[in-house]
Amino acid sequence: MKHKAILSSVVLVALWWCSAGAQAADTGPLPRIRVLGTGGTIAGAQLEAGGQAYQPGRYDVGALLRAVPDLERIATVTGEQVASVGSQDMNDSLWLELARRVDAALAQPDVDGALVTHGTDTLEETSYFLSLVVASPKPVVLVGAMRPATAPGADGPANLQHAFTVLADPAARGRGTLVCMDDAVHYARNVVKTSTTSAATFQSINRGPAGRVRPGRVEWYEPMDRRRVPDPPFAVHALRQLPRVDVIYAHAGMSPDLIDAAVRNGARGIVVAGVGDGNVSQAALERLARAAQAGVVIVRSTRLVMGSVARNVEIDDDSLGFVAAGELNPAKARVLLLLALTRTSVPAEVQRLFDEH
Ligand code: GLU
């Protein structure tokens, strides 16, 4: 039922003009930005005033944009609603639909950039996905909020205003997909959600943000890491689904049963959220090796927040045919493995894609 509701909201496209001012009085033409709404807290409403409970995805993009201060001075905006979901319900087919919509928007000569509103729970995955599949050098910025639109101190309007400021900056072009939250702008590959409730939840672990957003301008931290823009991007336009990839969380006393279940249910890839440097129990290791021999691609990531997983440290990836995730956390490693599997299931080639992306 819920699935149906999501699908129908994907099919239902609401397109409207939010701001018709195509020309600023003295600063030349404003950037023309397409906004794609997907739901989340940024579009959420409290169930009762003062309460903690709320429902994500209650407002459409038009309502959100009307709350952005000075928008008519920053950008000319058109919008469309792609979905209205809490981002815990984001999934592979919605990602493919979103990628098609973003690419279609950016292909239009009268669109200079795209802004995607999104729930914060899986924003780190959607942004990384888009960064790997969008071909255009025009900027794409994802933005969410930690407080619902009806809450005191709602952070959505400021986050949106900052996202438009980033999109209006010519220096945003060619940086791939970006995430704008809490006065900072992040590269999609690096950004992760770190706190359940803090407005400062998004951090670029290991590296720091791409820059800071000040009133009306962006301070970019240089140099930019060129790996952020894949060349060529993964081609997903013709795809209606992606291969199954499961994430399995390691812990003391880990049994191999969930690995068996993943393989039995048709997983073509497994990402392990390993302990420490991507380790698992001996019993799990043996079962992963067996799965790898059967053609399932095994990627070792870590359940830890910082650091990276390197090849051949405690586990002999070369002889077992495993892939090391480097800096990618399990959720991001799953995104890259989904896309890598559309090209190859040879572990050495998948490893090369992980090293490059
Ligand atoms: N769980 C919801 C989501 O990710 C709300 C969280 C949020 O947007 O902050 O869409």
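Is α6 mostly covered or mostly uncovered, and how many of its 12 residues are buried?

A: Keep in mind that this is a predicted model. In it, α6 is mostly covered, with 10 of its 12 residues buried. Going along the helix, the buried ones are Gly156, then Asn159, Leu160, Gln161, His162, Ala163, Phe164, Thr165, Val166 and Leu167. Buried here means under 20% relative accessible area, and that list takes in Asn159, Gln161 and His162 along with Leu160, Phe164 and Val166.

The length of α6 checks out too: it runs over residues 156-167, and at 1.5 Å a residue its 12 residues should span 16 Å, which agrees with the 16 Å between its end C-alpha atoms.

Now for the setting. The protein chain has 11 helices and 19 strands. Its radius of gyration is 21 Å, close to the 21 Å that the globule rule gives for 357 residues, so the chain is as compact as a globular protein of that length. Along the principal axes, the C-alpha atoms fill a box of roughly 65 × 45 × 35 Å. Over the whole chain, buried residues account for 54% of the 357.

As for what touches what, take contacts between residues at least 6 apart in sequence: 72% of them join residues at least 24 apart.

Terms used:
Residues numbered from 1 in each chain as written. Predicted model: local features only at pLDDT ≥ 70, side-chain atom pairs only at ≥ 80, totals over all residues. Heavy atoms only, no water. Helix = DSSP H or I, 4+ residues; strand = E, 2+ residues; numbered from the N terminus. Rg over C-alpha atoms; globule rule 2.2 N^0.38 Å. Buried < 20%, exposed > 50% of the residue type's maximum accessible area, 1.4 Å probe, protein only. Contact = heavy atoms within 4.5 Å. Expected span 1.5 Å × (residues − 1).
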